[in-house]
Amino acid sequence: MPVNKHPTIESRAQNFARALQQVFGRGFGPGFWLAVFWLVIVAFCAMFADWLPLRDPLDPVIANRLDGPLSGSLLGADGLGRDILSRLVHGARVSVVIGLTAVSIGMIVGGALGIIAGYFRGHFERALMAVLDVILAFPWLVLLLALVAFIGQSLFAISTAIGFLWIPAYARVARANTLSVVQREYVLAARAMGATTTRILVREVLPNVILPLLAYGLVAMGLVIIVESALAFLGLSVEAPQPTWGGMISEGKRHLATAVHVALIPSITIFLTVLSLNFVGDRLRSRFDVKESNL
Amino acid sequence: MIMLLRKLPWLIGTLLAVSFFTFMLVGLLPGDPAVLILGAGVSPEAIVALRLEMGLDRPLLIRYFDWLGSALTGDLGRSPMTGELVMDAILERLPVTVQLGLMAIVLALVMAIPLAMVSASFAGSKLDRVISGIGFALMSVPGFMMAIFLILIFAVTLGWFPATGWIPFSVSPLDNLLNALLPALSLAMIELAMYMRLLRTDLIDTLQQDYITLARAKGMPSWRILTRHALRPSSFSLLTVVGLQLGGVISGAIIVEEIFALPGVGRLLYQSILQRDLLMVQGIVLFIATAYVLVNFVVDLCYSLLDPRVRYAG
């Protein structure tokens, strides 16, 4: 087979089509598409929360206090008479934004550190692994609480703090994968042809390391949403009055005996979202054949 | 013993780094601790006096070694907010958290091991799918949500267990267990999924080994093969995960103790963070991280005691 140094647009399109076929060709089953459908709804809500025809999520209507679902409004109202559906939709924004940002931070910073450590080895690798060990010596919530106390409770600060927690995991995966990629012949070939280190890292190593990182991304996002909701439940995520799913459960906890739906509805929402992320992530990961042992 | 000596420098290095990281994390918090303690609107002289008294005028590194020195003798300082000695406050609440964590791990193992054994021996069957599916669903539930709905079902609706509160074991063992069961269960359900998933994969792997086939050929009953031959090699990885997951248990304990109003270390940490009691936070974080590192160190050693191959390879 002739070596095609400069792949034409056509061959690239063919490759892309083949990859798509590989991923989406054979059936995933209805469960997968149901999960994707739910995630699309959540993403849509997060993007267009301000433009959807909903009540004001912050407006307390005393008359509606603890209204059950389907009485007046679709999902009822919370202890202050605020519309639950509207708060869910606006709360989706926090979960989605923090999910995306935190995972991106972890992936980019951790991935870069891991690739550099795996490629250059030596002192940097040893120092990095030692630092990661130290970070991992702190239970995640202990570290997170301390970080949040340190950098505050804005949307960006919370995302950064949770993203920081993900750096060790991603750095480890990236390093492990880089170690195996560097052994391969095509890296040797590139080096023999006189490619610069930057070129090898970007063109040869990165494309082969990024796939397992991305495949892990959805599952990681599910965990980030759990972590954020726990933080919100403790009242330490994005500050009120911004509605958050965890905060809604915390509010609903007070009315557990009288109005279960106030806590139940956001709980189901978190559960379905995380379940969908896990499910889709798991399926994609097995489709891409990313070994769990690499993580 | 040789293993212990070889790993000791690594342990000391890690603990030093952990303590330094803890100190920096809390030491660099924005805001002057002296101002935080005295509150706004106090005369500058009083603040300067307190700063001198707390030694805040000295360089950070000196303060670190000072703090570490007293921490090594068990003195983590005195909380300026409550007037309690930090070490006493931690030790007083430690039994609650330890009991909670141990009960959670034991409960999780008691549920996970049989489920994983059933799942692995009928791998691919409907039963296996159902069990794995439940495990998958459990991994999507945050711990605090589990706690709330256990309260809703078993405390509010059925009234079997108290929703909150704590009675020490020495006062009334039965009430103590009743109070601890729901919090421990909510922690255990999350761990359960992790243990089960791992043990199932491991068991399926083990069950394909030659010596299992041999045992089968000898006519050994399958439950005996599972318990005597398959479980033991799989227990190594389970032990490691239990050790590593301890961080998850501690994190969960912070939330669960707060929800059930248990007087444990986790709740103390949370309350101290809310009150900006920096010295207390520093002490607790150091204590927890040190305990976590030490436990995993011991798990590492156990590993080599249980499996001779590790002993000689390392």
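Modeller: Happy to! Of the 295 residues of chain A, 42% count as buried. Please keep in mind that this is a predicted model.

Colleague: What helices and strands does chain A have?

Modeller: Reading chain A from the N terminus, the elements run α-α-α-α-α-α-α-α-α-α. That gives a count of 0 strands and 10 helices.

Colleague: How far apart should the ends of helix 3 of chain A be, and how far apart are they?

Modeller: Helix 3 of chain A covers residues 84-120, which is 37 residues. At 1.5 Å a residue, it should span 54 Å. The model agrees with that, as the end C-alpha atoms are 53 Å apart.

Colleague: Is helix 3 of chain A largely enclosed or exposed?

Modeller: A residue counts as buried if 20 or more other C-beta atoms lie within 10 Å of its own. In helix 3 of chain A, 27 of the 37 residues are buried, so the rest of the structure leaves this helix largely enclosed.

Colleague: Which residue follows helix 3 of chain A, and what is its phi?

Modeller: The residue after helix 3 of chain A is A:Arg121. Its phi is positive, near 55°.

Colleague: Turning to the other chain, how many residues of chain B count as buried, as a percentage?

Modeller: Chain B has 14 helices and 0 strands, and its C-alpha atoms fill a box of roughly 85 × 55 × 35 Å along the principal axes. Of its 314 residues, the buried share is 34%.

Colleague: Where does helix 5 of chain B bend?

Modeller: Helix 5 of chain B takes in residues 86-121 and reaches 50 Å from its first C-alpha to its last, close to the 52 Å expected. Within four residues after the bend comes a proline, B:Pro95. The bend is about 40°, and it sits at B:Leu94.

How values were computed. Residues numbered from 1 in each chain as written. Chains lettered and ligands numbered in written order. Predicted model: local features only at pLDDT ≥ 70, side-chain atom pairs only at ≥ 80, totals over all residues. Helix = DSSP H or I, 4+ residues; strand = E, 2+ residues; numbered from the N terminus. Buried ≥ 20, exposed ≤ 12 C-beta atoms within 10 Å, placed from the backbone. Expected span 1.5 Å × (residues − 1). Bend = angle between axes of the 7 residues up to and from the residue.
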